[in-house]
Amino acid sequence: MPRYAQLVIGPAGSGKSTYCANLHQHCETVGRVVHVVNLDPAAEEFNYPVAVDIRELISLEDVMEEMHFGPNGALIYCMEYLEENLDDWLSEQLEDYIDDDYLVFDCPGQIELYSHIPVLRTFVDQLKIWDFQVCAVYLLDCQFVSDMAKYISGCLASLSAMVQLELPHINVLTKLDLMDDKKGIKKFLDPDTRLLLADLNEQMAPRFSKLNHALAELVDDYSMVNFIPLDIRKEKSIEYLLAHIDNTIQFGEDADVKVKEMDPDFTASNVAEDDSGF
Ligand SMILES: Nc1nc2c(ncn2[C@@H]2O[C@H](COP(=O)(O)OP(=O)(O)OP(=O)(O)O)[C@@H](O)[C@H]2O)c(=O)[nH]1
Ligand SMILES: [Mg+2]
């Protein structure tokens with residue numbers, strides 16, 4: 001029997017740990033069990049019970065002190081140390097979680113981890129060997145979609161994680177409670193690349209039009225660059241996202257049905273049409 005996992009990733013401050021805490025809380029409310037694993041050696045406080053904690057293996061503070069590294073170097077050192085200890089330390093920590101158990105990995109936000117440092121790739125490959133069905137849940141702060149150039153940059157960062165990890169991948173726009181222009185985000189949830197290109201061309205000097213065309217095509221080719229909006233104040237929003245993720249990792253026999261039964265207020269196509277959804 002497989003085990004299930006969400007790898008919660010995304011830029012620093014995008015809301016990963018908050019999402020993990022809210023997801024845990026939501027699951028408790030609906031009588032479901034998920035275990036949250038802290039993979040951030042720099043984390044200090046948690047709003048969820050920590051099932052496994054990388055800081056028991058290595059902490060950022062110790063590395064900075066003993067090796068005289070700065071915070072970024074120390075983070076990379078910690079993650080590489082984890083990579084070296086997957087077979088012993090991590091496998092032992094995960095031994096208690098058996099068939100059908102559901103783990104949520106709260107990752108650090110350093111973007112290097114998702115672009116060119118292979119630690120997370122090795123990590124997910126190992127999870128697969130241990131028979132985990134894994135989904136990458138890429139969180140992006142909705143402030144990123146306040147203009148087209150930021151949106152493209154957010155998409156490219158997500159694409160880079162997608163390409164590096166080669167996992168089923170779900171993009172999430174977080175902190176919707178802070179977004180005043182709810183209708184304005186609709187075009188970013190399931191983007192029409194022609195409009196996207198027109199917007200880009202309007203905002204940028206004509207010499208960028210070829211580049212804009214190439215970027216729009218890239219976003220189009222990877223039609224996975226859709227976003228699910230998340231408003232953590234709303235149970236239905238968390239429920240909808242979770243149903244999508246469950247469906248992706250084939251958790252539960254009725255996962256398909258669950259997605260279809262979700263409140264239509266929170267589907268990408270309707271989310272901004274109904275202000276009451278927020
Ligand atoms: N209003 C609002 N604030 C949020 C939300 N999610 C996170 N925050 C705030 O954003 C800040 C960063 O949130 P975290 O959950 O720590 O983000 P993170 O991605 O885990 O950050 P790192 O681990 O440092 O990469 C905190 O001050 C949170 O309270 C949200 O949905 N709404
Ligand atoms: Mg965090």
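Q: In which loop does Asp-131 lie?
A: A quick heads-up: this is a predicted model, where local features need pLDDT of at least 70 and side-chain atom pairs count only at pLDDT 80 or more, while totals for chains, interfaces and linings use all residues. Residues are numbered from 1 along each chain as its sequence is written, and chains are lettered from A and ligands numbered from 1 in the order in which they are written. Helices (H or I, at least four residues) and strands (E, at least two) are DSSP runs, numbered from the N terminus. Asp-131 sits in the loop between helix H6 (119-129) and S5.

Q: Is Asp-131 buried or exposed?
A: The backbone here has a positive phi, near 70 degrees, in a residue other than glycine. For burial, count the other C-beta atoms (placed from the backbone) within 10 Å of a residue's own: 20 or more is buried, 12 or fewer is exposed, and in between is partly exposed. Because Asp-131 has 10 C-beta neighbours inside 10 Å, it counts as exposed.

Q: What does Gln-250 count as, by its C-beta neighbours inside 10 Å?
A: Gln-250 is not a glycine, yet its phi is positive at about 55 degrees. You'll find Gln-250 in the loop between H11 and helix H12 (255-261). Since 14 C-beta neighbours fall inside 10 Å, Gln-250 counts as partly exposed.

Q: How many helices and strands are there in the chain?
A: Let's zoom out: of the chain's 278 residues, 40% count as buried. Then residues 24 or more positions apart make up 72% of the chain's contacts with a separation of 6 or more. As for the parts list, the chain has twelve helices and seven strands.

Q: Which strands stand at the edges of the sheet?
A: Strands pair if DSSP finds at least two bridges between them. The seven strands make an open sheet in the order S3-S2-S4-S1-S5-S6-S7, with parallel pairing. Two strands have a single partner each, so one side of each is left without a neighbour in the sheet: strand S3 (50-53) and strand S7 (227-229).

Q: What is the bridge partner of Val-172 in S7?
A: Strand S6 (residues 169-174) and S7 are joined by three bridges and pair in the parallel sense. Within S7, the residue that bridges to Val-172 is Ile-228.

Q: How many residues of S4 are buried?
A: S4 has a parallel partner in S1 over five bridges, and another in S2 over four bridges. Tyr-102, Val-104 and Asp-106 point one way from S4, while Leu-103 and Phe-105 point the other way. S4 is largely enclosed by the rest of the structure, because the buried count is five of the five.

Q: At roughly what angle do the axes of H1 and H11 cross?
A: Axes are lines fitted to C-alpha atoms, for helices over the stretch in contact, with angles from 0 to 180 degrees between N-to-C directions. Under 35 degrees is roughly parallel, over 145 roughly antiparallel, 65 to 115 roughly perpendicular and the rest oblique. H1 and H11 are therefore roughly perpendicular to each other. Their axes come within 10 Å and cross at roughly 95 degrees.

Q: Which residues in H11 do Asn-22, Leu-23 and His-26 meet?
A: Those three residues belong to H1. Their partners in H11 are Glu-235, Ile-238, Glu-239 and Leu-242.

Q: Which residues touch Met-148, not counting those up to four places away in sequence?
A: Met-148 is part of helix H7 (residues 148-165). It is buried, because 23 other C-beta atoms lie within 10 Å. Met-148 and Gln-203 are 55 residues apart in sequence, but 8.2 Å apart in space, C-alpha to C-alpha. The residues touching Met-148 are Leu-196, Asp-199, Leu-200 and Gln-203.

Q: Which residues come nearest to ligand 1?
A: A residue is near a molecule or strand if its C-beta atom, placed from the backbone, lies within 6 Å of it. The largest share of the shell, three residues, comes from helix H1 (residues 16-29). Of the 14 residues around ligand 1, the nearest are Gly-15, Lys-16, Ser-17, Thr-18 and Gly-109.

Terms used: Two residues are in contact if their C-beta atoms, placed from the backbone, lie within 7 Å.
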